[in-house]
Amino acid sequence: DALDPAEMTNIRALCERSLVGQAPSVIAIDVNGNREIDGVLKCLKSVINQDWKQQPRLIIVKSRYLYWQLKKEDDSFKKI
């Protein structure tokens, strides 16, 4: 559970052990259903704020609610 700080730390440590002391360059977050935006943002912040050896170059978030919110608030998303 990436929303639990201790679990997120365990996830990070597992990634770094598996990648021989490095950090992942891409992280994909699949919200798995309809989670409210606050929960999605909390998860995203948890991933971003981890003490990675190197920050990921790309974080992919699969969330309809986040997409809809961004589309509603930002005119550049209206073209999509």
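Good morning. This structure holds one salt bridge. Please bear in mind throughout that the model is predicted.

Which side chains form the salt bridge? They are those of Asp30 and Lys62, with a distance of 3.8 Å from N to O. This pair connects distant parts of the chain, since Asp30 belongs to strand β1, residues 26-30, while Lys62 belongs to strand β2, 32 residues apart. How accessible are the two partners? Lys62, at 56%, is exposed.

Strand β2 covers residues 58-62 and also contains Ile60. With a relative accessible area of 42%, Ile60 is partly exposed. Together with Val26 and Leu58, Ile60 forms a nonpolar patch on the surface, and the accessible area of the three is about 220 Å².

Let us now turn to helix α1. Its 14 residues, 5-18, reach 20 Å from the first C-alpha to the last, close to the 20 Å expected at 1.5 Å a residue. Which residues of α1 are buried? They are Met8, Arg12 and Glu16. Viewed down the axis of α1, these buried residues fall within an arc of 75°, so they line one face of the helix.

What do the buried residues of α1 pack against? Their partner is α2, residues 37-48. On the other side of α1, Arg17 and Ser18 are exposed. Finally, α1 is followed by Val20, which has a positive phi, near 50°. Thank you.

Definitions and conventions:
Residues are numbered from 1 along each chain as its sequence is written. This is a predicted model: local features need pLDDT of at least 70, side-chain atom pairs count only at pLDDT 80 or more; totals for chains, interfaces and linings use all residues. Side-chain values use heavy atoms; hydrogens and water are left out. Patches are made of residues with over 30% relative accessible area and no salt bridge: like charges are joined within 9 Å, nonpolar side chains (Val, Leu, Ile, Met, Phe, Trp, Tyr) within 5 Å. Accessible areas come from the Shrake-Rupley method with a 1.4 Å probe; for residues, only the protein chains shown count as cover. A salt bridge is a side-chain nitrogen of Lys or Arg within 4 Å of a carboxyl oxygen of Asp or Glu. Helices (H or I, at least four residues) and strands (E, at least two) are DSSP runs, numbered from the N terminus. Buried means under 20% relative accessible area, exposed over 50%, partly exposed in between (1.4 Å probe, protein chains only). The expected span of a helix is 1.5 Å times one less than its number of residues. The arc is that of the directions from the helix axis to the C-beta atoms. Contact means heavy atoms within 4.5 Å.
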